[in-house]
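Let me put the structure up, and then I'll walk you through a few residues.

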Amino acid sequence: MATFYKGDGTTIAISDGSLTAKIKSILNGADVIIFGDSNFYYSMGSDIVNNVGSIGQRLALEFSIKSWINKGNPGTNAWKGWGAFNSWATDEMVEQYNKETTIFLFGYGTNDQLSSFEAEYNGNAGTTTSTNGIHFISQLIAEKFPKAQYHWIIPPETD
């Protein structure tokens with residue numbers, strides 16, 4: 001049975017093995033694709049073979065992840081992240097990754113101002129607030145990758 005950890009490093013006691021089985025069934029054979037800033041890029045590991053001990057390597061080994069693609073970019077905020085994701089989401093990528101075993105992880109926030117994260121989405125594609133970036137990334141996933149899963153990791157404090 002896999003061991004799960006809280007953010008402070010302490011283990012999470014799982015008395016029922018069904019949770020572990022469900023998590024393994026979701027991650028086994030999955031293609032995990034991440035987009036994020038430098039904190040996400042370096043902690044996840046750009047190369048799971050050479051980044052020994054990275055979160056990416058540990059997850060890939062623990063859950064037999066099929067592929068781990070790190071598209072993170074240092075210095076990127078959520079709005080620029082939408083541009084990067086939009087450029088990446090070509091017809092070829094859609095054909096390859098629009099499936100139930102694709103998991104997108106987005107990790108933006110440390111290059112966003114707190115006021116930008118607190119701002120409400122205003123519908124204006126020309127306004128570079130974090131909430132607009134999050135909205136347009138979500139919209140792009142709904143349109144091009146409706147079968148895939150996606151998750152956000154937003155740090156509690158931003159720059």
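Predicted model: local features only at pLDDT ≥ 70, side-chain atom pairs only at ≥ 80, totals over all residues.

Now the rings. There are 16 aromatic pairs in the structure. F85 and F145 make one of them, a tilted pair with 6.0 Å centre to centre and 35° between the planes. What does that pair tie together? F85 sits in helix α4, residues 78-88, while F145 is in the loop between α7 and β6, so the pair links parts that are 60 residues apart in sequence.

F145 also pairs with F104, and here the geometry is edge-to-face: 5.0 Å between centres, 70° between planes. F104 belongs to strand β5, so this pair joins that strand to the loop holding F145, parts 41 residues apart in sequence. F104 is buried too, at 0% relative accessibility.

Zooming out a bit, F85, F104 and F145 are among the members of one aromatic cluster, which also includes F35, W88, Y97, F106 and W152.

Last stop is L105, also in strand β5, which covers residues 102-107. L105 has a relative accessible area of 13%, so it's buried. Leaving out residues up to four places away in sequence, its contacts include F35, F40, W68 and H151. And the C-alpha atoms of L105 and Y150 are 5.8 Å apart, though 45 residues separate the two along the chain.

Technical notes
Residues numbered from 1 in each chain as written. Heavy atoms only, no water. Helix = DSSP H or I, 4+ residues; strand = E, 2+ residues; numbered from the N terminus. Buried < 20%, exposed > 50% of the residue type's maximum accessible area, 1.4 Å probe, protein only. Contact = heavy atoms within 4.5 Å. Phe/Tyr/Trp six-rings, centres within 6.5 Å; stacked < 30°, edge-to-face > 60°.
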